[in-house]
Amino acid sequence: MSAKTVVQVINPNTSLAMTETIGAAARAVAGPATEILAVCPAQGVPSIEGHFDEAIATLGVLEHIKAGREQGVSGHVIACFGDPGLLAARELAQGPVIGIAEAAMHMATMVSTRFSIVTTLPRTVIIARHLLQRYGFEHYCAALHAIDLPVLALEDGSGLAQEKVRAGCIQAKRQDGSGAIVLGCGGMATLASELTLELGIPVIDGVGAAVKMVESLVALGLSTSKHGDLDYPVRKTLSGQFAGLLPD
Ligand code: 2AL
């Protein structure tokens with residue numbers, strides 16, 4: 001086994017600026033023997049703010065999982081708060097695949113009994129709610145807050161979205177009685193450590209959480225189970241643009 005751990009961090013939207021933000025957050029927490037490969041699809045949606053966007057983004061995620069597997073990366077992170085394509089990615093991947101929402105939610109339950117989520121547009125709240133149900137964390141989540149700005153406002157350079165995230169976290173701490181806050185967008189990743197210091201409670205970014213989980217799984221020699229439904233996809237001939245998606 002190589003001494004170096006390579007974590008492929010996939011931003012499922014096509015924003016290069018957000019991919020840089022996510023890569024910086026991943027590198028800030030990665031261990032010295034970890035290399036971060038931050039990537040995003042060449043084609044797809046510039047931001048993921050609904051079910052339609054998620055469906056399109058999933059294909060880009062799967063293409064990168066396939067490419068990462070062929071390059072021999074140690075594991076993968078899906079760096080969008082809806083964890084688009086998570087189980088499909090696990091089927092395709094050899095290494096572990098962690099979504100940032102599941103990583104942040106899991107970690108929040110380890111440092112608090114109740115957490116709040118601060119996300120972007122109100123319409124994305126339902127995506128986080130569905131994930132809370134799917135992962136079994138519904139009862140740990142005190143409330144969800146939306147800053148009511150689109151995802152790409154986090155990259156417009158004005159600082160307004162970052163200020164609204166800060167205000168949302170302060171409001172969540174005051175109103176909800178939560179012990180921790182989960183940041184509900186990959187583009188918020190670099191804000192967590194400063195907000196943790198300022199608020200005096202854990203403010204959790206899923207990108208960092210997911211990178212550390214992949215590192216832990218790899219260090220423990222644990223990977224995606226290929227026994228049962230997460231086994232590689234059933235071999236069949238895919239047609240058209242999907243023809244190259246399954247590994248040879
Ligand atoms: C996200 C996210 O993390 N990246 C993106 O494009 N959309 N989700 C969200 N709720 O803002």
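Colleague: Which strands form the open sheet with the order β6-β5-β7-β8, and how do they pair?
Modeller: This is a predicted model. Its four strands β6, β5, β7 and β8 stand in that order, and the pairing is parallel. The edges are β6 (141-146) and β8 (203-205), each pairing on one side only. Neighbours in this sheet are turned by 25° against each other on average, direction ignored.

Colleague: How do you know that β5 and β7 pair?
Modeller: By counting bridges. Strand β5 (residues 115-119) and strand β7 (residues 180-184) share five. Pairing needs at least two, so they count as a pair. Their sense is parallel. Within the pair, Val118 stands opposite Leu183 of β7. Helix α5 (residues 125-135) packs on this sheet, touching β5 and β6, and its direction makes about 160° with that of β6.

Colleague: What is the strand order in the open sheet that holds β1?
Modeller: β2-β1-β3-β4, again four strands with parallel pairing. Here β2 (34-39) and β4 (97-99) are the edge strands, pairing on one side only. From one strand to the next, the twist averages 20°.

Colleague: What makes β1 and β2 a pair?
Modeller: Six bridges join β1 (residues 5-10) to β2. The rule asks for at least two, so the pair qualifies. The two strands run parallel. Val6 stands opposite Glu35 in β2.

Colleague: Which helices lie against these strands?
Modeller: Helix α1 (residues 16-29) lies across β1 and β2, at about 165° to β2. Helix α2 (residues 51-71) packs on the sheet and touches β1, β2, β3 (75-78) and β4. The direction of α2 makes about 165° with that of β1.

Colleague: Why is the contact of Lys4 and Glu35 called a salt bridge?
Modeller: Their side chains meet at 2.6 Å, N to O. The limit is 4 Å, so the pair passes. It links distant parts of the chain: Lys4 sits in the segment before β1, Glu35 in strand β2, 31 residues apart. The structure holds six salt bridges.

Colleague: How much area is buried between domain 1 and domain 2?
Modeller: About 2200 Å², with 67% of it from carbon and sulfur atoms. On the domain 1 side, Met18, Glu49 and Phe81 lose the most area to domain 2, together 35% of what that side buries.

Colleague: How do you know that Arg90 and Glu102 form a salt bridge?
Modeller: Their closest N and O atoms are 2.6 Å apart. That lies within the 4 Å limit, so the name applies. Between domain 1 and domain 2 the count is one salt bridge.

Definitions and conventions:
Residues numbered from 1 in each chain as written. Predicted model: local features only at pLDDT ≥ 70, side-chain atom pairs only at ≥ 80, totals over all residues. Heavy atoms only, no water. Axes fitted to C-alpha atoms, helices over the stretch in contact; angles between N-to-C directions. Contact = heavy atoms within 4.5 Å. Buried area = accessible area lost by both parts, 1.4 Å probe.
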